[in-house]
Each structure stands twice: as C-alpha cells, then as structure tokens.
Amino acid sequence: MKKRTLLHCALALAALPLASGAAAQDFPPKKPVTLVVGFAAGGAADAAARLIAKKLGENIGQSVVVDNKGGAGGNIAHQFVANAAPDGTVLLFGSVGPLTIAPHLMKLSYDPFKDLAAISGGVNFPNVLVVHKAAGAKTLTEFVQLSKKKPGSVDFASTGAGSASHLAGELFNQRAGIDMTHVPYKGGAPALQDLLGERITSYFAAPPTALPHIETGKLIPLATTGLTRPAYLPNIPTVAESGFPGFEALNWYAFVAPGKTPVPLLERWNQEIVKVLNDPGVKEALNKHGLTPQPTTRAELTAFMQKESTQWAAIIKERKLTAD
C-alpha cells in the first residue's frame, strides 16, 4: 500500500508541470487581445496593424483591438508593453526605432532584448523622400543643392527621435554632406499634415501615407531608400542610384510581447501571425499599401534585430547623434 501511495504521489507531482504548461498554452487567451501600435492613427504602422489584426481576429475567433499609443518615436508604446501582463493578451507591433535605434540614442527604462520577447517579423518597406510643391526641388540633386545653398534652412520630418525616418535623414545628411534640421513628430500622419501645409520642407515618408498625395501631385517624390525601386514607384530613382551608392535605410515593424510571456504562448502567436502574413488576401492588401510581409521564426527575428542594432549603433556613434 505504501509503495502504491508513493507511486500515486510521484505521478501526481510529475503531472503538475504538465498541467501548468497546458494552462500556459490556452489559446486564444480568455481575455480580450490588444495589439499596441507606437504611432498615431493614420500612419503606415496603423494601417498595417489594423489590416493584420482584423484577419488575426477572424482566424482565432476573437477580436484583436488596435491601441494607438503615439509619442517619443514609439518608445511610449514599447515601454507600456514591456510592463504589461505577460499573459499573451498584449502584443506590440514594434518598430525599428525603439527596438534597435533608440537604445543607442537615449537612456530607456526597458531593454528591447530582455523586456520584450520576439514573436515574428511583420512588414518592411523603404521610405520615400518627399517634398511639398513649393520646396524648390524636383530631383534629389536639386534638393541637395538647395540644402547646400542655405545650410540649416532645409528641415526634415520624422516620426520621432530614434525612428527609422530620423536615421534615414541623418544617414543622408552624412552621405550628402548637408545639414538638414531634424523635426520630430508623434507619427506619420501629423508629420505628413505639416508637410502638406508647407510647414516642413521634406519627410522620409512611409509609402502608405505618401502615395495618395504623390498620385494627386501634392507631394513630389525625390527618391526611395531601398537598394531597388519598389513596384509602386517604378519611375522614382533610389537614393543609391542618384549618386549615393550603397545607401539603404529600410523601415520595418515586427511583433513582440512582454518579455516574460510563456514560450508556448509566444510560439502559438508566431504560428497565427505567420499564417496571417502568408494569407494571399493579406499579402495583396499589404502590397497595395507598399508594404512587404516579413514572416519569420522567433529566432530569425531576434537575429535580425541584433544585426540592425549593431548597424545603427555604428552610424549613431559616427554621427555623434543624441536624442533631440
């Protein structure tokens, strides 16, 4: 009897971790799911997040609500998620700036590689340098000449200090030997609004926000920041082919969660998000916005982030940049 009792106890104890693990894998979460976006509604991040969240909610049978927490180049949203409950109900559509640039520019209260957990890549795209019609430049060459003629008088908008659009502008300052003034905004929509109102000279804009205004002639596209011309702007040269070989500054967004989220939940979210990003309808819709789906494994996203972090750290050090 004693042996049988001990055996039963041992089996019960052995089952405890399994039961706990099973609970951690409950999916979808019983509570509402929130997808946090670090920029204001109306920008590229918001457009992509809402499109993906809708399909994600349909697939899991539960609504996924997009929550815009703009400000500080996206850092406010990243800090919020770093401190959120790690129960799989809060996800972040993280961006290149807070994840791999800002840590080298400013002191943050969170560590992107410790306090946030990788899930999957999201989307990537080149920025497009646009100016308003009264700027006085219709080509990149003319824009550089304008900047050199009146040093410091030409400014460029960004979605915040440490954002991809900020570093694209700083990288171009370096490569072109000019001194554009950086003007940070809380997101793509307000930056674009001021550009259309001619209160700012230029903006390394995300395609979804700039394309409609390029098509109507309200904005003039000078160059794109990838190594090759995107299909939606086949007649616009890249910065690289406009006299600055090798210039590349891609923008990207990826899915992450609070750092202590259980691995089984992270893996389940990876499966669901990759499924959405590979969906033909979603891919087509994202492509129409000028966005390229980038589904990855969790390990691939971590390696990609580390590579990007190293690259931008070197540029920030060389340019002696600080948060402004």
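Me: Which residues is Phe143 in contact with (heavy atoms within 4.5 Å), leaving aside its neighbours within four places in sequence?
Reply: This is a predicted model, in which local features need pLDDT of at least 70 and side-chain atom pairs 80 or more, while totals for chains, interfaces and linings use all residues. Residues are numbered from 1 along each chain as its sequence is written, and side-chain values use heavy atoms, without hydrogens and water. With those sequence neighbours set aside, the contacts of Phe143 are Leu129, Val131, Ala137, Val154, Phe172, Met180, Thr201, Ser202 and Leu222.

Me: How many residues does the largest nonpolar core have?
Reply: Such a core joins buried Ala, Val, Leu, Ile, Met, Phe, Trp, Tyr and Cys through side-chain atoms within 4.5 Å. Phe143, Phe172 and Met180 are among the residues with the most contacts inside the largest core. Its residue count is 48.

Me: Which residues does the second, separate core include?
Reply: This core has 35 residues. Among them are Ala45, Leu51, Phe93 and Trp269.

Me: How many aromatic pairs are there?
Reply: Rings of Phe, Tyr and Trp (its six-membered ring) pair if their centres lie within 6.5 Å; planes over 60 degrees apart are edge-to-face, under 30 stacked, the rest tilted. The count is 10.

Me: Why does the pair of Trp252 and Phe304 have the type it has?
Reply: The ring centres of Trp252 and Phe304 are 5.0 Å apart. Their planes stand at 65°, so the pair is edge-to-face.

Me: Is Trp252 buried or exposed?
Reply: Buried means under 20% relative accessible area, exposed over 50%, partly exposed in between (1.4 Å probe, protein chains only). Phe304 has 26%, so Phe304 is partly exposed. Trp252 has 1%, so Trp252 is buried.

Note on methods
Contact means heavy atoms within 4.5 Å.
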